Amino acid sequence: MTLRIGVIGTGMIGRDHTRRIQNVIAGAEVTALSDVNRDSARAVQADLAPTAEIFDDGRTLIASDLVDAILVCSWGGTHEEYVLAAIEAGKPVFCEKPLATTAEGARR
């Protein structure tokens with residue numbers, strides 16, 4: 001079984017995680033990408049994950065049946081929203097730092 005991962009945020013960190021998932025880690029594949037800069041998502045798709053679908057936003061990616069787990073690498077102010085949405089969807093989630101921008105947000 002292959003774990004299908006959706007990457008939200010395809011800047012430097014998201015690109016590097018995608019590279020590792022695609023080229024180093026066995027049993028996992030990036031199947032979905034999303035970034036506010038669609039050109040960034042397209043570049044990562046072209047370079048590293050040619051079969052990944054590009055989504056307009058992180059919430060739509062999270063809701064997709066194409067992904068089993070979520071990797072949040074977007075800018076810090078969006079982390080809390082995407083982590084909570086992934087948890088609500090019942091999907092495992094890994095989040096780059098910071099988890100949230102406030103202590104209250106991190107507790108949620």
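Predicted model: local features only at pLDDT ≥ 70, side-chain atom pairs only at ≥ 80, totals over all residues.
Reader: Which side chain meets Asp56 in a salt bridge?

Author: A salt bridge here is a side-chain nitrogen of Lys or Arg within 4 Å of a carboxyl oxygen of Asp or Glu. For Asp56 the partner is Arg38, at 2.7 Å from N to O. Arg38 is partly exposed, at 32%.

Reader: Why does this pair tie together parts that are 18 residues apart in sequence?

Author: Because Asp56 sits in the loop between strand E3 (53-55) and helix H3 (58-63), while Arg38 belongs to helix H2. Helices (H or I, at least four residues) and strands (E, at least two) are DSSP runs, numbered from the N terminus.

Reader: How many salt bridges does a search of the whole structure find?

Author: It finds nine. One joins Arg20 to Asp16, with the closest N and O atoms 2.3 Å apart; both lie in helix H1 (residues 12-23), four residues apart, about one turn of the helix. Asp16, Arg19 and Arg20 are linked in a network of salt bridges.

Reader: Now the inside: which residues touch the most other members of the largest nonpolar core?

Author: In soluble globular proteins, nonpolar side chains tend to be buried together. A nonpolar core is a set of buried Ala, Val, Leu, Ile, Met, Phe, Trp, Tyr and Cys residues joined through side-chain atoms within 4.5 Å. Here the largest has 14 residues, and Ile5, Val7, Ile21, Val30, Leu33, Ala52 and Leu71 touch the most other members. Strand E1 (3-8), strand E2 (28-34) and helix H2 (38-47) each supply at least two residues of this core, and the largest share, three residues, comes from E2. Apart from it lies another core, of 13 residues, including Leu61, Ile70, Tyr82 and Cys95.

Reader: How many disulfides are found?

Author: A disulfide is a covalent bond between the sulfur atoms of two cysteines, taken here as a pair of cysteine sulfur atoms within 2.5 Å. The search finds zero. The sulfur of Cys73 is 8.0 Å from its closest cysteine sulfur, in Cys95, which is too far for a bond. Cys73 is buried, at 12%.

Terms used: Residues numbered from 1 in each chain as written. Heavy atoms only, no water. Buried < 20%, exposed > 50% of the residue type's maximum accessible area, 1.4 Å probe, protein only.
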